[in-house]
Amino acid sequence: MPNFALSDDVFREAARLYPTPFHLYDEQGIRENARALQHAFAWCDDFKEYFAVKALPNPAILRILREEGCGLDCSSETELMLAEACGFSGGEIMFSANAMPDSEFAHAARLGAYINLDDITHIDILRRCGGVGETVCCRYNPGGDFRIGTEIMGNPGEAKYGFTRPQLLAGLKELKALGARRFGLHAFLSSNNTDDAYYPTLAGLLFETARDLRQETGMDIAFINLSGGVGIPYRPEQRKTDIDAVGEGVRRAYMRVFPEGGVAIKTELGRWMTGPNGWLVSHATHHKDTYRHYIGLDASAVNLMRPAMYGAYHHITVVGKRDMPCDHVYDVTGCLCENNDKFAIQRALPEIQEGDLVVIHDTGAHGFAMGYNYNGRLRSAEILRCADGSFRMIRRAEEPKDYFATLDMDEAAQALGVTR
Ligand SMILES: *Cc1c(COP(=O)(O)O)cnc(C)c1O
């Protein structure tokens with residue numbers, strides 16, 4: 001089930017201090033997850049989590065994770081800049097490439113980051129921009145379906161990411177000829193997967209593939225990067241991933257393939273680390289009764305796009321009404337001129353009055369970060385509930401001047417009070 005660690009009093013107090021909507025993050029919960037993950041992989045001498053910056057790109061959060069011993073997984077130049085600004089460097093940064101500008105490789109190489117190539121053609125880019133270092137990581141796409149037992153958990157064959165198996169062999173030989181001595185192997189085959197067998201199954205595949213590639217190329221294996229994808233229970237009836245069981249499953253696969261040890265393990269969890277430790281706090285501002293009953297919020301898909309984009313479920317509670325019967329059925333909407341701007345469709349909830357505080361759960365990953373400015377709507381503030389229970393604004397809400405800042409419209413800008 002979703003994370004119900006915070007009481008309604010916490011949301012009330014935060015909403016007394018800051019205008020809604022805002023995302024509220026729980027420092028304690030984030031630290032506890034980081035520690036639980038370390039505990040689950042404590043059997044591996046050389047384990048490191050590289051938090052996926054894209055899930056929650058806020059320096060206050062990244063610094064907390066750094067204190068917990070995490071590195072960062074970056075995939076753009078601005079994410080590299082964030083990492084650098086927060087004091088991450090060298091082997092604390094993983095740079096996962098995609099169809100990106102060549103110059104970003106050079107930037108990552110300058111920071112001494114591990115570079116995770118997405119395609120065989122990236123080898124030449126890296127050679128020209130940044131140079132081939134001693135250790136290079138490659139992303140594997142095994143194609144077809146990714147199954148756990150008989151269940152299909154993902155469709156790598158339809159995914160844009162990664163090298164095919166023959167390309168891995170050819171690519172590693174080429175990297176070796178260019179001076180690389182050790183390789184990492186990475187794959188991301190299923191997203192938001194709460195099955196405890198996901199990481200162990202993926203790990204088994206990567207361990208065996210890496211062992212074979214070591215034999216075929218004579219290169220050493222530096223690390224296996226299990227990437228992200230470990231899921232969280234967005235729905236009340238879903239169970240939480242048992243992270244200790246996940247760590248133990250990976251350990252068994254490791255002992256089977258690498259009984260002699262010596263291969264490091266890296267993860268790039270985003271959602272699992274921070275997802276349950278964020279809440280979008282909003283007020284109900286409108287109600288409307290037509291063919292359905294609607295509750296309008298002061299938040300919209302601009303603040304949380306997942307329901308509109310993926311039809312994703314996010315649990316909703318009403319402050320002070322958690323114990324009341326869910327005997328009303330609502331569509332809970334934002335204000336965008338876009339009919340999929342709905343946080344919930346035909347959801348059973350307690351009766352909601354205008355002015356009620358409505359809390360949308362599990363917004364701590366891929367929430368604020370996916371925000372956009374459609375309809376000229378502005379992104380919200382982000383508030384941290386510190387470990388001592390106090391609150392700190394870690395990002396202010398956008399103002400109109402932010403929305404207009406990139407426009408070249410001098411006269412209009414002056415009239416709007418935009419300074420440049
Ligand atoms: C998005 C992403 C992650 C994090 O994914 P989660 O689902 O948040 O765990 C990790 N690695 C890479 C390369 C990604 O693109």
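Is histidine 366 buried or exposed? Histidine 366 counts as buried, because its relative accessibility is 13%, and the cut-off for buried is under 20%. The structure described here is a predicted model.

## The loop between β17 and β18

Histidine 366 belongs to the loop between β17 and β18. Its phi is positive, about 55°, although the residue is not a glycine.

Aspartate 362 is found in the loop between β17 (357–361) and β18 (381–385). Its phi is near 60°, again a positive value in a residue other than glycine. With a relative accessibility of 2%, aspartate 362 counts as buried.

Serine 380 also has its place in the loop between β17 and β18. Its relative accessible area is 4%, so serine 380 is buried. Leaving out residues up to four places away in sequence, serine 380 touches Pro21, Phe22, His23, Asn303, Phe368, Arg395, Arg396 and Ala397.

## A cis peptide bond at proline 21

One of the residues touched by serine 380 is Pro21. Proline 21 sits in the loop between α1 (8–17) and β1 (22–26). The peptide bond that joins threonine 20 to proline 21 is cis, with omega at about -5°.

## Helix α9

Helix α9 covers residues 243–257, 15 residues in total. From the first C-alpha to the last, α9 reaches 21 Å, close to the 21 Å expected at 1.5 Å a residue. Its buried residues are Ile243, Val246, Gly247, Gly249, Val250, Ala253, Tyr254 and Val257. Viewed down the axis of α9, the buried residues fall within an arc of 160°, so they line one face of the helix. An α-helix has 3.6 residues a turn, so residues three or four places apart point the same way.

On the face turned away from the buried side, α9 carries the exposed residues Arg252 and Arg256. The N-terminal end of α9 is capped by aspartate 242, which has a side-chain oxygen 3.2 Å from the backbone nitrogen of aspartate 244.

Strand β12 (residues 278–289) pairs with strand β13 (residues 293–297) in the antiparallel sense, over five bridges. Together β12 and β13 form a hairpin, with three residues between them. In this pairing, histidine 286 stands opposite glycine 296 in β13.

Strand β13 is also joined to strand β15 (residues 328–333), by three bridges. These two strands, β13 and β15, run parallel. Here isoleucine 295 stands opposite valine 332 in β15.

## Arginine 181

Arginine 181 is placed in the loop between α7 (165–177) and β9 (182–186). Its relative accessibility is 46%, so arginine 181 counts as partly exposed. Apart from neighbours within four places in sequence, arginine 181 is in contact with Glu134, Lys176, Met219 and Asp220.

How far apart in space are arginine 181 and alanine 14, C-alpha to C-alpha? The distance is 52 Å, and the two residues are 167 residues apart in sequence.

Definitions and conventions. Residues numbered from 1 in each chain as written. Predicted model: local features only at pLDDT ≥ 70, side-chain atom pairs only at ≥ 80, totals over all residues. Heavy atoms only, no water. Helix = DSSP H or I, 4+ residues; strand = E, 2+ residues; numbered from the N terminus. Buried < 20%, exposed > 50% of the residue type's maximum accessible area, 1.4 Å probe, protein only. Contact = heavy atoms within 4.5 Å. Expected span 1.5 Å × (residues − 1). Arc of directions from axis to C-beta. Polar contact = N/O pair within 3.5 Å; in protein donor to acceptor, adjacent residues only side chain to side chain. Pairing = 2+ DSSP bridges.
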